[in-house]
Amino acid sequence: MEAAFEVFSKLEEPTGAEEDWRYVEYNLPFSRLAPVGEPGSPVPPGPFVGAIEATSGKALIVDGTVVESSSDQLVVRRLVDIEPERLLNRVPVDHNKLAAAHAAFAHDGLFLDVPEGAVVENPFLIDLQGVTPGAASFPHISVRVGERAEASVIVVYRSAPGESLLMVPQIHLELGQGANLRFLSLQNLDHAATTVTHQRVVLGRDATARIGEVGLGGDFARLDLAVELEGDGSSAETVGLYFGEGTQTLDYRMVIRHAGKHTSSDVFLKGAVEDESQSVFTGLLRIEKDAVGTSTFETNRNLVLSEGAKANSVPNLEILCDDVVCGHGSSVGPPDEESLYYLQSRGLPLPTAERLLIKGFFQEVIDRLPIGGMEEPIADEVFRRFVAHQSEGQVA
Amino acid sequence: MNPALSVKGLTASIASKEILNGLDLEVPFGEVHAIMGPNGSGKSTLCHVLTGKEGYEVAGSALLDGVEILDLPVDERARLGLLQSFQYPTEVPGVRLRDFVYEAAVAHGVSPEEAEARIDKEAARFGVERFLDRSLNDDLSGGEKKRSEIFQMAVLRPKMALLDEIDSGLDIDAVRQVAEAVEEMRSPEMGTLMITHYSRILRYMTPDRIHVMIDGRIVDSGERELADELEAGGYESVRQRLGLTRPAVAAERRPSEFFTETPFDV
């Protein structure tokens, strides 16, 4: 921690000129915030936490402190229970100022172990909250899935209504040989909150990860995700959706790195921006020299629903190996005119046609999310935003 | 009683190029009419202009059961009872055929219970159950797309059906099935106008009238024998009989164009 603090102190705060901040304005309330020690009072269950019925365990993390945690099927520990060498820290301390801040200031952590061979049917639910006004919090979550074990984890991000605060979580997911993890994060922070999440997924041989990312909240919300396909035969699917409104910025930075042989990955991400919101997707598919037989694909589709909204989509490939199959597709634009015309030609008024089109656009992603049972509240939350926007007469 | 559709002096141009050139046409309720014409004669434009696609400068009159529709937006024309089946129905990912046709029926003023009942009944009748719960037109064969269009028509029960090249891109069995479905749909409450440049679908059905469209106008109307003449001698035969000169651009086309299938039509 002391070493991390030193790194943190030495690293410059971003000026906004860095590649990281090329598409978004750097405006983190960093200097105005202070790390928080004692957790504040949790917020009541929202649309997602309330909708999850059967679980294999639960944890409540408030302002970076693990307030509650229990499971009858997974081994649940906190930072104090962990030997330092067992920490799965895959984000280098000097990755950036925020990663260093996390390493320096995280004072607690949740560690889930799925024992070798265990098959855990129901998801483990992590309710991740920031509540203390003006506070910076550094929640830490590690999930280790043992050999041939199967588990699923849901993380729901939430924050106190109207409160400006910063949340800098780190989430480490490590899959052993033949392990299978389904992971769904539902980022539904209040629009006043800011978050930069560093998430790392490391796959062993023949491991399978299915990752879902739903991004709805936050004034500025960044997900810095790296998927490391290290083991031969491993595969990872990342499916996500985001919907920006007001002046939100939703920022996705993904690196999918194929290192093992015969690995496969698929990124499928769809988003919409309205009002004056903006989104960023920068996705790098990196295929290492020895990663023969890699198959990888990346798709990012964006709907721009207002003149003042903006979506940036920047897919990238870095291929150091010949024997690969890969591709990417990316699009940014308004709802398809031809489709709207077709729907209207059967008697649907334009607003109804638009609603159906938006619903369909996201349904494709919702149907592919890794953990079932949440389709309706997710679709409702997305749809509510669009309908509110539409009834304000802001749709062209 | 009003005709289902009555078109008078219809002109349409796009980028100041005149495509429809004073077109007159009447389709009574209960009848099936076919418009045949070579590529570039304005058949698809006629469909677009009647349906309400933007981008055309339009004059003249088109009455749907006595109501002028040319000034109305596309969705309002549909709710008044005009339905165009598309030559290339758009694929709409994530929107299920069932949900779409339900929303459309409700927009037509059909009660939710009645809409559901019609969907079940017509889906069985036109064999669309297999893709009823799949994305609209996504990953369907040409024949399935056309069946989906006819199924929607059966649920929405328009007063006037415009079938734009409903036989294009189909193999011979599918053409026969579509023709049978169109005959099956025949009703005293509906007029039907088929638009085609290919006469083979007419072998499997009996239109009440056949109209020949050349250079943006109906130049001749008749019954079965007109289709026979076209099949034997092509549009050239009709042109010669009526003393129509071919415009310079059209003269460059191959005489056999009548029998070619081209995916795009002006």
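This is a predicted model: local features need pLDDT of at least 70, side-chain atom pairs count only at pLDDT 80 or more; totals for chains, interfaces and linings use all residues.
**Conventions.** I number residues from 1 along each chain as its sequence is written, with chains lettered from A and ligands numbered from 1 in the order in which they are written. Local features need pLDDT of at least 70 and side-chain atom pairs count only at pLDDT 80 or more, whereas totals for chains, interfaces and linings use all residues.

**Entry 1, a helix pair in chain A.** I looked up helix 4 (residues 350–366) and helix 5 (residues 375–391) of chain A, which pack at an angle of about 150° with their axes 10 Å apart; helices (H or I, at least four residues) and strands (E, at least two) are DSSP runs numbered from the N terminus, and axes are lines fitted to C-alpha atoms, for helices over the stretch in contact, with angles from 0 to 180 degrees between N-to-C directions. Among the residues of helix 4 of chain A that meet helix 5 of chain A are Ile358(A), Phe362(A) and Ile366(A), and the helix 5 side includes Val382(A), Phe383(A) and Phe386(A). Contact here is taken as C-beta atoms, placed from the backbone, within 7 Å. I noted that the residues of this contact divide into 10 nonpolar, 1 polar and 4 charged, where Ala, Val, Leu, Ile, Met, Phe, Trp, Tyr, Cys and Pro count as nonpolar, Asp, Glu, Lys and Arg as charged, and the others, Gly among them, as polar.

I then asked which residues touch the most other members of the largest nonpolar core, and found Ile126(A) and Ala209(A), out of 185 residues. Such a core is a set of buried Ala, Val, Leu, Ile, Met, Phe, Trp, Tyr and Cys residues joined through C-beta atoms within 7 Å, buried meaning 20 or more other C-beta atoms within 10 Å of a residue's own. Helix 4 of chain A gives the most to this core, with 8 residues. Leaving aside residues up to four places away in sequence, Ala209(A) touches several residues, including Leu173(A), Phe183(A) and Ala236(A).

Strand 16 (residues 235–244) of chain A has 9 of its 10 residues buried, so it is largely enclosed by the rest of the structure. It pairs in the parallel sense with strand 14 (residues 208–215) of chain A over 8 bridges, and also in the parallel sense with strand 18 (residues 264–273) of chain A over 10 bridges; pairing requires at least two DSSP bridges. Thr208(A) stands opposite Ser235(A), and Gly240(A) has Leu269(A) as its bridge partner.

In chain B, 6 strands form an open, mixed sheet in the order 6-9-10-3-11-12. Strand 6 (82–85) and strand 12 (217–222) of chain B stand at the edges with a single partner strand each, so one side of each is left without a neighbour in the sheet. The twist averages 20° from one strand to the next. Strand 11 (residues 209–214) and strand 12 of chain B are antiparallel over 5 bridges, with His211(B) and Ser221(B) as bridge partners.

I found 21 residues of chain B in contact with 20 residues of chain A. Helix 3 of chain B is among the elements giving two or more residues to this side of chain B, which has 11 nonpolar, 6 polar and 4 charged residues.

Technical notes:
Two residues are in contact if their C-beta atoms, placed from the backbone, lie within 7 Å. A residue is buried if 20 or more other C-beta atoms lie within 10 Å of its own, exposed if 12 or fewer, and partly exposed in between; C-beta atoms are placed from the backbone.
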